[in-house]
Amino acid sequence: MLVGLIGTGAVVETAYLPAVSRFSSAEVQCYGFDPDPARQPEGMTRCGSLAALLALPLDIVFITTPSLLHLPVLEAVLKSKAAQIVVEKPVAATLEQLTTLGAWLNDPAIASRVLALDHWMVRTDAARFINSIDEIERIEGFLLEPSGFNEAGEPVALNFATGDADTRRLRHPDGVIVDIGTHVLAMMRETVHQLGGNDNLAIELVHASDRLGNAIRPGDFTTAEGDAVLRGTMSDIPFTLTLNKYAGPAGGQKGMKIYLHDGRIVNVDRRGADEVAEMLNASGSRRLKVSGPLYDRCLGEVVLGAQRMFVSRPEEIPALTRRRITEVKALLEIQQRLRGQH
């Protein structure tokens with residue numbers, strides 16, 4: 001299998017390529033292109049141009065560029081012979097881009113080629129404890145990232161792979177609403193979808209502030225949100241979504257709680273490198289653990305393994321991509337209401 005990677009920054013170096021090396025056979029060969037010649041991660045053959053990469057007989061192409069470039073790169077890839085195209089989250093970065101993408105995907109020939117990927121969408125183990133969607137009363141989603149402090153005592157983000165202080169200066173639109181809100185929405189909605197729910201989604205903003213706890217003001221198109229609380233309904237089920245990139249040393253909670261009408265709670269969280277789903281009730285609990293890094297599971301189950309979607313369930317790809325588009329659109333609309341039209 002020949003794999004093409006367009007954009008070979010941190011997510012490719014710290015997540016994609018290590019995952020491929022752990023589960024794939026020697027038959028998988030990775031080729032990549034990035035306009036920054038310094039980006040030459042191990043485990044990949046670098047191509048000198050995008051045209052040179054797309055001239056290869058690639059079995060699958062990953063678009064792993066910065067989010068604002070996803071759509072223009074996708075346009076170039078669609079002109080190539082690549083039949084299987086995976087776009088990292090968010091599938092597009094502006095409402096205008098989403099409108100353009102939606103028009104392209106009205107063509108069934110294009111829709112069958114494009115898979116919008118969020119690696120949290122495989123986190124659906126909670127569905128194993130629930131017999132029917134009618135059992136669900138409400139859902140609480142959360143992503144509380146651990147953080148450190150700089151010399152001034154201010155909170156600083158930590159690199160998700162290394163745990164070191166993240167030296168990047170995060171700016172809008174890379175705040176928590178779109179950047180990590182997409183993860184939790186994908187997890188919750190794919191769980192609801194497995195249980196037979198519909199695709200209805202409505203979200204409103206409860207609270208948002210920056211890294212230092214200051215409110216985001218209308219007209220501020222620069223400052224990234226550091227934390228936010230959202231609420232709404234999905235498939236007519238009430239939910240809340242708590243996001244915080246600066247949760248301090250006690251952070252690290254990444255999952256959801258599903259409250260059932262009979263009082264039971266299904267809790268899903270990442271604990272170290274493992275996924276843990278638990279059914280909690282008055283008489284005790286049942287636990288399911290899935291070991292291993294999440295990217296290993298996502299790439300193996302969804303896009304590169306023997307039962308990958310393009311092979312085993314190609315008819316589901318257009319609807320799955322539409323669900324990711326719906327989530328991103330809802331979050332971008334919240335950004336517009338928070339900051340003003342931009």
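Let's start at Arg128, which is exposed, with a relative accessible area of 58% (exposed means over 50% relative accessible area, buried under 20% and partly exposed in between, using a 1.4 Å probe and protein chains only). Keep in mind that this is a predicted model, where local features need pLDDT of at least 70 and side-chain atom pairs count only at pLDDT 80 or more, while totals for chains, interfaces and linings use all residues. Residues are numbered from 1 along each chain as its sequence is written, and side-chain values use heavy atoms, with hydrogens and water left out.

**Charged pairs**

Arg128 has a salt-bridge partner in Asp125; a salt bridge here is a side-chain nitrogen of Lys or Arg within 4 Å of a carboxyl oxygen of Asp or Glu. Asp125 itself is buried, at 2% relative accessible area. Asp125 also meets Arg297 in a salt bridge. Asp125 sits in the loop between strand E6 (114-117) and strand E7 (136-144) and Arg297 in helix H8 (residues 294-304), so this pair ties together parts that are 172 residues apart in sequence. (Helices, H or I with at least four residues, and strands, E with at least two, are DSSP runs numbered from the N terminus.) Arg297 is buried too, with a relative accessible area of 14%.

Another pair is Arg271 with Glu278. Arg271 is partly exposed at 36%, whereas Glu278 is buried at 8%.

| Pair | N to O distance |
|---|---|
| Asp125 and Arg128 | 3.2 Å |
| Asp125 and Arg297 | 2.9 Å |
| Arg271 and Glu278 | 3.0 Å |

The structure holds 25 salt bridges. There's also a network of them linking Arg189, Glu190, Arg323, Arg324 and Glu327.

**The sheet**

Now for the strands. An open sheet of 6 strands runs in the order E3-E2-E1-E4-E5-E6, with parallel pairing (two strands pair if DSSP finds at least two bridges between them). Strand E3 (45-46) and E6 stand at the edges with a single partner strand each, so one side of each has no neighbour in the sheet. Strand E1 (residues 2-6) pairs with strand E2 (residues 29-33) in the parallel sense over 5 bridges, and Gly4 stands opposite Tyr31 in E2. Helix H1 (residues 10-23) packs on the sheet, touching E1, E2, strand E4 (60-63), strand E5 (85-88) and E6, and its direction makes about 170 degrees with that of E1. Contact means heavy atoms within 4.5 Å; axes are lines fitted to C-alpha atoms, for helices over the stretch in contact, with angles from 0 to 180 degrees between N-to-C directions.

Over at E6, 4 bridges join it to E5, and the two run parallel. Ile85 stands opposite Val114 in E6. Val114 and Ala116 point one way from E6, Leu115 and Leu117 the other way, and all are buried.

**Cavities**

E6 turns up again in the lining of the largest cavity, where E6, helix H7 (181-194) and helix H10 (317-339) each supply at least two residues. A cavity is a set of points on a 1 Å grid over the protein atoms alone where a 1.4 Å probe fits but cannot get out, and lining residues have an atom within 4 Å of a point. H10 gives the most to this lining, with 3 residues. The lining includes Ala116, Leu117, Thr182, Ala186, Arg324, Glu327 and Val328. Arg324 and Glu327 also belong to the salt-bridge network.

The largest cavity has about 60 Å³ of space, and the structure holds 3 cavities of 30 Å³ or more. Grid points are joined across faces, edges and corners, and a volume is the space filled by probe spheres set on the points.

How values were computed: 1 Å grid on protein atoms, 1.4 Å probe; cavity = no way out; pocket = protein on both sides within 12 Å on 5 of 7 lines; lining within 4 Å.
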